[in-house]
Amino acid sequence: ALRDRKFLGATALNALMSLHFVLQNVAIPLWIIRETSAPKWWISVVMVVNTTAVILFQMRASRGSGDLVAGARLYIRAGFAVAISCILYAMSGHISTLYACLLLILAAMVHVFGELIGSAGSWSIGFGLAQQEHQGQYQGVFSLSWGLGGTLGPAFVTAMAIGLGKSGWMIMAAMFAATGILMHKLVTGTWVPKEVVSQEIEETV
């Protein structure tokens with residue numbers, strides 16, 4: 001697996017995409033407390049939105065993800081969804097309490113949509129790119145992406161969201177969108193069609 005450059009590239013890209021999980025647990029609570037007028041207990045509301053959506057829609061989101069190309073399609077959509085959520089989180093800063101609360105909920109809904117389809121897509125890619133006779137070895141390498149994101153992620157997302165503020169959110173939005181596009185290119189050999197971008201915006205906003 002360590003000699004498979006394509007698989008290692010997918011692992012590296014998945015490590016970048018996995019940073020959005022750290023957003024949920026680290027950056028968003030800090031952002032709400034320090035940069036928005038939403039009450040502190042609104043953090044719990046945002047968490048409930050995420051948890052409820054995962055419980056209710058996880059199985060539905062994974063439908064049709066078994067095929068490698070389908071997994072890449074889900075992955076690129078996830079990248080755009082998480083990017084849009086970052087923009088919405090940024091917009092919630094330094095505005096009235098009502099609008100901040102509403103934007104945070106909308107951002108959380110778009111975020112969890114990206115989380116669900118991105119997770120389904122990543123598993124399809126991880127298994128689809130691996131050599132069948134060495135699945136254990138390949139999955140061990142692919143799992144490093146989650147560990148790397150979890151280890152380096154807290155410092156990174158805090159620096160982006162809190163250190164740079166809205167600019168940091170925009171940087172992360174661009175990063176997640178680019179990660180999805182690059183993964184699609186890596187897996188399918190083609191860049192994202194223009195219609196996918198417009199379709200994703202329509203479906204998530």
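**Spaces and a helix pair**

Helix 5 gives the most to the lining of the largest cavity, with 4 residues. This is a predicted model, where local features need pLDDT of at least 70, side-chain atom pairs count only at pLDDT 80 or more, and totals for chains, interfaces and linings use all residues. Residues are numbered from 1 along each chain as its sequence is written, and side-chain values use heavy atoms, leaving out hydrogens and water.

**Cavity**
- On a 1 Å grid over the protein atoms alone, a cavity is a set of points where a 1.4 Å probe fits but cannot get out, and lining residues have an atom within 4 Å of a point.
- The largest cavity comes out at about 70 Å³, volume being the space filled by probe spheres set on the points.
- Its lining has 13 residues, and Met17, His20, Phe21, Gly118 and Ser119 are the closest to its centre.
- That lining splits into 6 nonpolar, 7 polar and no charged residues (Ala, Val, Leu, Ile, Met, Phe, Trp, Tyr, Cys and Pro count as nonpolar, Asp, Glu, Lys and Arg as charged, the others, Gly among them, as polar).

**Pocket**
- A pocket is an open set with protein on both sides within 12 Å along at least five of seven lines; the largest pocket holds about 170 Å³ of space.
- Helix 3 (42–61) and helix 5 (97–128) each supply at least two lining residues (helices are DSSP runs of H or I, at least four residues, numbered from the N terminus).
- Arg60 is part of this lining, which has 9 nonpolar, no polar and 1 charged residues.
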